[in-house]
Amino acid sequence: MAKRFSPEKYVEGILAGDRVMLSRAITLVESRLTSDQELAQEVVNRVLPHAGNSVRIGITGVPGVGKSTFIEAFGNYLIKEQGKKLAVLAIDPTSQRSGGSILGDKTRMDSLSINPQAFIRPSPAGKSLGGVSRSTRESIILCEAAGFDAIFVETVGVGQSETAVHAMVDFFLLLMLAGAGDELQGIKRGIMEMADAIVITKADGENIGKAKAARAEYQSALHLYPLGASNWSPKVSTCSALQHSGLDTIWQTIADYLELTQANGFFKKKRHDQNLQWMYEAIRQGLEDNFYAHEQVKQQMPVIAAEVKEGKKSAFAAATELLKLV
Ligand SMILES: Nc1nc2c(ncn2[C@@H]2O[C@H](COP(=O)(O)OP(=O)(O)OP(=O)(O)O)[C@@H](O)[C@H]2O)c(=O)[nH]1
């Protein structure tokens, strides 16, 4: 069990920018113990008025695209050139990977992890996507209250976690590799549609030509999508994290997005909608947890499930029967 303090102590520490207290509060948020969760909720609620003053950036891309290298380079750029304080969080349900977390086993973010202006927190171990999403959302609030004004939420670009990240960030950045041949092959349309910007990584050395060609191709592909409610048309650019090139263009794109959406009201509306979405999600999760924890459900479930499996009872009738128990 995590070491626990009074809510005041957490709040005081977080608002003073104390990273140890911030870490401890995030550990509470990640805990499965009801008592920890109640304490965490109190702390999050109390710091809430001090949160929200950041830009939340989701970053995704398939393994091998160069995410860690990019986050390190872009993170350092934001700190040094834009004067930001950066928190990096990860969404990585461990069930989808063979142990460890996206950031946890990384030495590639070395310079960022020792930078006093940066705070890196790996994805919690052994949690479902729902569990990780929830704790990451709460962690964003804690980091903002601790004074971090740029938040990266990293996800591995292979599953549903993109949708979860998209639902908690202001700006969604998709990293892509310039491949040989058909650039658009294998890209999930849904993920492309979520992107506010696409960055072609590793645009250096022999790769430059390919990267530029890919950029043109993606840009014309994006033009085919209708403009969303934000009125923003997604941008495509190239970058080399190794050579630190293209980073200022990416930041400019994000700054342009913020300017547009803050002026037209979309930024605020999206955050409001996301807040509500978090609440509904928490209600759904809570109902589900209560249901499965119910004694009678635990007893009846195996029996009824067996009947459904064998075709003796319809799935819907079985669900109704179980739901009535609660
Ligand atoms: N040429 C070149 N290579 C790069 C660049 N960025 C990353 N790489 C290389 O690409 C490989 C993968 O980089 P990572 O940063 O680990 O990328 P990743 O596999 O997406 O990382 P995770 O998703 O964090 O596991 C490494 O060998 C990097 O050195 C770049 O800008 N240029």
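This is a predicted model: local features need pLDDT of at least 70, side-chain atom pairs count only at pLDDT 80 or more; totals for chains, interfaces and linings use all residues.
Which residues does Ile 198 touch, not counting residues up to four places away in sequence?

1. Contacts of Ile 198. Residues up to four places away in sequence being left aside, Ile 198 touches Leu 174, Met 176 and Met 192, together with Tyr 218 and Leu 222. Its contacts also include Lys 235, Val 236 and Ser 237.

2. The largest nonpolar core. Ile 198 is among the residues with the most contacts inside the largest nonpolar core, as are Leu 142, Cys 143 and Ile 200. This core comprises 54 residues. Helix α6, spanning residues 129-145, gives the most to the core, contributing seven residues.

3. Pairing of β5 with β6. Strand β6 covers residues 197-200 and pairs with β5 in the parallel sense, over four bridges. Within this pairing, Ile 198 of β6 stands opposite Leu 174; Leu 174 is also one of the residues that Ile 198 touches.

4. Pairing of β5 with β1. Strand β1 (residues 55-61) runs parallel to β5 and is joined to it by four bridges. Ile 57 has Phe 171 as its bridge partner in β5.

5. Burial of β5. Strand β5 consists of residues 171-176, and six of its six residues are buried. Both faces of the strand are covered: one side carries Phe 171, Leu 173 and Leu 175, and the other carries Phe 172, Leu 174 and Met 176.

Technical notes. Residues are numbered from 1 along each chain as its sequence is written. Side-chain values use heavy atoms; hydrogens and water are left out. A nonpolar core is a set of buried Ala, Val, Leu, Ile, Met, Phe, Trp, Tyr and Cys residues joined through side-chain atoms within 4.5 Å. Buried means under 20% relative accessible area, exposed over 50%, partly exposed in between (1.4 Å probe, protein chains only). Helices (H or I, at least four residues) and strands (E, at least two) are DSSP runs, numbered from the N terminus. Contact means heavy atoms within 4.5 Å. Two strands pair if DSSP finds at least two bridges between them.
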